[in-house]
Amino acid sequence: MLPATAAALAVLAALLAWPAPALLARARWPRRDPLVALVCWQAIGLAGGLSMIGALLVHGLAPWGHSLPEAAWSVATGSPATEPIRGDHWVALTLAGVLAVELLGVLALSWVRTARARRRHRELLELVVQPSAELPDTRLLEHPAPVAFCIPGARPLLVLSSGMVAELDEDQLAAVVAHERAHLAERHHLLLLPFVAWEAALPVLPAAGRAHAAVRELVEMRADDVALASLSGSAPRRTLAQAIVAAAGGAGGAGVPNGALAVSGGATAARVVRLLEPPSPLPAAARWTVLAAAGLLLLLPTALLLLPAL
């Protein structure tokens, strides 16, 4: 049953585990439209995981039916296999179960650990921060270095240090706050979580670390773009770039809790260059072509798993 389907899924999984992430990470166009690039990364991650597990399931359940739904139903109802069950079938089923448990387990564990760390940091910060009179929904932290970050969650927290307030002017502070609010509004922490889990589950896979770094950079660029749309003034791009440089130069990642999203995080130099020398927007036709390709990428392993044997 499904030898060609299993082979096709295995080839797709291999392509999505290394060449595709490597090519996307090196491509220049994602900086022109970070949102579309983030959709592509999510599609690669989901389709890759589905293909890896699906290829093993398809091969392992081959003796029970002529399609994966049929074979799964036969196993669930206790129907006998229609073909001899070999050792490689049991090995494939075992590996599929182990891989599924590992990927989903690490994802759940990453969620729990991150949520716990954020809750702990939020509780500690709420003891020392003070509401800002000038900036709504913003808290001030007594800290000499220029630091700005947000802690997402059910009770999000947006924090500026006294050093940041002292160093930046009014327009630059507004840019920083707009950047952090963009992270919270678009739930960027949820876009990062699968790639944190992917890197933790498959640390020997170079593409996992590359994907995490690329998605983190794109999340920051997307927050920059959203912030720019809400800013006024004669030179909002230069204003935001100056704020990023001040935060990165003053503290870098120091003072930012684990699990927080900071204005200084993710490829500072590339973001500053992009702000000061903005690339041309991705044409509408190219944008929709890439989105359609991402949708088809998700549909391909699903179709291979659900359709009858090739």
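The lining of the largest pocket in this predicted model draws at least two residues from each of α1 (3-17), α3 (34-60), α5 (87-128) and α8 (188-201), where helices (H or I, at least four residues) are DSSP runs numbered from the N terminus. The largest share, 9 residues, is supplied by α3. A pocket is an open set of points on a 1 Å grid over the protein atoms alone, where a 1.4 Å probe fits, with protein on both sides within 12 Å along at least five of seven lines; lining residues have an atom within 4 Å of a point. The lining comprises 21 residues, and Gly 45, Leu 46, Gly 49, Leu 103 and Pro 194 lie nearest the pocket centre. By class, 17 are nonpolar, 4 polar and none charged (Ala, Val, Leu, Ile, Met, Phe, Trp, Tyr, Cys and Pro count as nonpolar, Asp, Glu, Lys and Arg as charged, and the others, Gly among them, as polar). The volume of the largest pocket is about 430 Å³, taken as the space filled by probe spheres set on the points, which are joined across faces, edges and corners.

Residues are numbered from 1 along each chain as its sequence is written. Local features need pLDDT of at least 70, side-chain atom pairs count only at pLDDT 80 or more, totals for chains, interfaces and linings use all residues, and side-chain values use heavy atoms, with hydrogens and water left out.

Helix α3 also packs against α12 (residues 284-306) at an angle of about 15°, with the axes 9 Å apart; axes are lines fitted to C-alpha atoms over the stretch in contact, and angles run from 0 to 180 degrees between N-to-C directions. The two helices are therefore roughly parallel (under 35 degrees; over 145 is roughly antiparallel, 65 to 115 roughly perpendicular and the rest oblique). The residues of this contact (heavy atoms within 4.5 Å) divide into 17 nonpolar, 3 polar and 1 charged. Leu 46 of α3 is among them.

Helix α8 packs with α9 at about 170°, the axes being 8 Å apart, which means that α8 is roughly antiparallel to α9. This contact has 11 nonpolar, 3 polar and 3 charged residues, including Phe 195 and Trp 198 in α8 and Arg 216 and Val 219 in α9.

Val 219 and Ala 223 of α9 also take part in the contact with α7. The axes of α7 (residues 170-185) and α9 (residues 206-230) come within 8 Å and cross at roughly 120°, so the pair is oblique. The contact of α7 with α9 divides into 7 nonpolar, 3 polar and 2 charged residues.
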